[in-house]
Amino acid sequence: MPIFLTFVLLLSSLLFAHGGGVSANPSFGFTEGFKHPIMGLDHLLAMLCVGMISARIGKNAIWQVPLCFVTVMAMGCVIGFYGTNLNWIELLISCSVIVFGVLFIFPNALSLKNTLLTVAVFAVVHGYAHGKEMPIFVLPEIYIMGFMVSTITIHVMGVVFGDKINQLPEAHSLCKIIGYSLIISGTIILIAQLPLFN
């Protein structure tokens, strides 16, 4: 567990990834897109969870759940780019960490179809935030490619981590500890955001 938390904290230099206005560079937006998911603890935890949950479910879910998230998230980015600014999106992103924490503890609580639906709903939310914070003067398709590559990388890390846990004798207890830690983390992030909406 300490190793997991250290890994998360090392990858995340900010608590939230929500701060647009990054200037363009020769990557044409790829670097900005790639960094966006890993610069916020809420995004990072949720995307790690998607990989871990898919590993917990096993079989075809190992690739179906992450693929669903990445694909729908890209669509959510387009919606966010052209849509209005919705402040409560940030709250839903925090809620995704809580919900994914529950699904990590109880991976079979929902059918695979409903799990995919749940993941898709939150993928739209995460993608929307990426779209609203897309920097000016970048190529949108390159920016989207950047955060998709980053997200897939995080998902793979989550799958590997989840698979390693499954192989441990104390996997059941460890999953509970990690899952409840995720729920608590998501709740703290959610509470920290509430004053912004007063």
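**Helix packing in the model**

Tutor: Let us begin with α7, whose buried residues pack against α2 (30-38), α3, α4 (61-82), α5, α6 (112-132) and α8 (171-193). Please keep in mind throughout that this is a predicted model.

Student: Which residues of α7 are buried, then?

Tutor: The buried residues in α7 are Y143, I144, G146, F147, S150, T151, I154, H155, G158, V159, G162 and I165.

Student: And how far apart are the end C-alpha atoms of α7?

Tutor: They are 38 Å apart, which agrees with the 39 Å that the 27 residues of helix α7 (residues 140-166) should span at 1.5 Å a residue.

Student: Stepping back, how many helices and strands does the protein chain have?

Tutor: The protein chain has eight helices and zero strands, so that from the N terminus on its elements run α-α-α-α-α-α-α-α. Of its 198 residues, 47% count as buried, and among contacts between residues at least 6 apart in sequence, 86% join residues at least 24 apart.

Student: Back to α7: at what angle do α2 and α7 pack?

Tutor: α2 and α7 pack at an angle of about 40°, with their axes 6 Å apart, and their crossing is right-handed.

Student: Which residues meet there, in α2 and in α7?

Tutor: From α2 there are F30, E32, G33, F34, H36, P37 and I38, and these meet I142, Y143, M145, G146, F147, V149, S150, T151 and I154 in α7. By class, the residues of this contact of α2 with α7 divide into ten nonpolar, five polar and one charged.

Student: New topic, α3. How many of the residues of α3 are buried?

Tutor: In α3, 16 of the 17 residues are buried, so this helix is largely enclosed by the rest of the structure. As for its length, the 17 residues of α3 should span 24 Å at 1.5 Å a residue, and the end C-alpha atoms are 24 Å apart, which agrees. Just after α3, G58 takes a positive phi of about 80°.

Student: How do α3 and α5 cross, and at roughly what angle?

Tutor: The axes of helix α3 (residues 41-57) and helix α5 (residues 89-105) come within 9 Å and cross at roughly 25°. With that angle, which is under 35 degrees, α3 is roughly parallel to α5. The crossing in which α3 passes α5 is left-handed.

Student: What meets what between α3 and α5?

Tutor: On the α3 side the residues are D42, H43, L45, A46, C49, V50, M52, I53 and R56, and they meet I93, S96, V97, F100, L103, F104 and I105 in α5. Sorted by class, the contact of α3 with α5 has twelve nonpolar, two polar and two charged residues.

Student: V50 is in that list; is V50 buried or exposed?

Tutor: V50, which is found in helix α3, is buried, with a relative accessible area of 1%. Leaving aside neighbours within four places in sequence, V50 is in contact with V65, P66, F69, F100 and H155. The C-alpha atoms of V50 and F104 are separated by 8.7 Å, although these residues are 54 residues apart along the chain.

Student: And how do the axes of α3 and α6 compare in direction, parallel or antiparallel?

Tutor: The axes of α3 and α6 come within 12 Å and cross at roughly 160°, which makes α3 roughly antiparallel to α6. α3 passes α6 in a left-handed crossing, and the contact is made by D42, H43, A46, M47 and I57 of α3 together with T115, H126, A129 and H130 of α6. By class, this contact of α3 with α6 has four nonpolar, four polar and one charged residues.

Student: What about V102, buried or partly exposed?

Tutor: V102, whose place is also in helix α5, counts as partly exposed at 36% relative accessibility.

Notes
Residues numbered from 1 in each chain as written. Predicted model: local features only at pLDDT ≥ 70, side-chain atom pairs only at ≥ 80, totals over all residues. Heavy atoms only, no water. Axes fitted to C-alpha atoms, helices over the stretch in contact; angles between N-to-C directions. Helix = DSSP H or I, 4+ residues; strand = E, 2+ residues; numbered from the N terminus. Parallel < 35°, antiparallel > 145°, perpendicular 65-115°, else oblique. Left-handed = near helix turned anticlockwise from the far one by under 90°. Contact = heavy atoms within 4.5 Å. Nonpolar A, V, L, I, M, F, W, Y, C, P; charged D, E, K, R; others polar. Expected span 1.5 Å × (residues − 1). Buried < 20%, exposed > 50% of the residue type's maximum accessible area, 1.4 Å probe, protein only.
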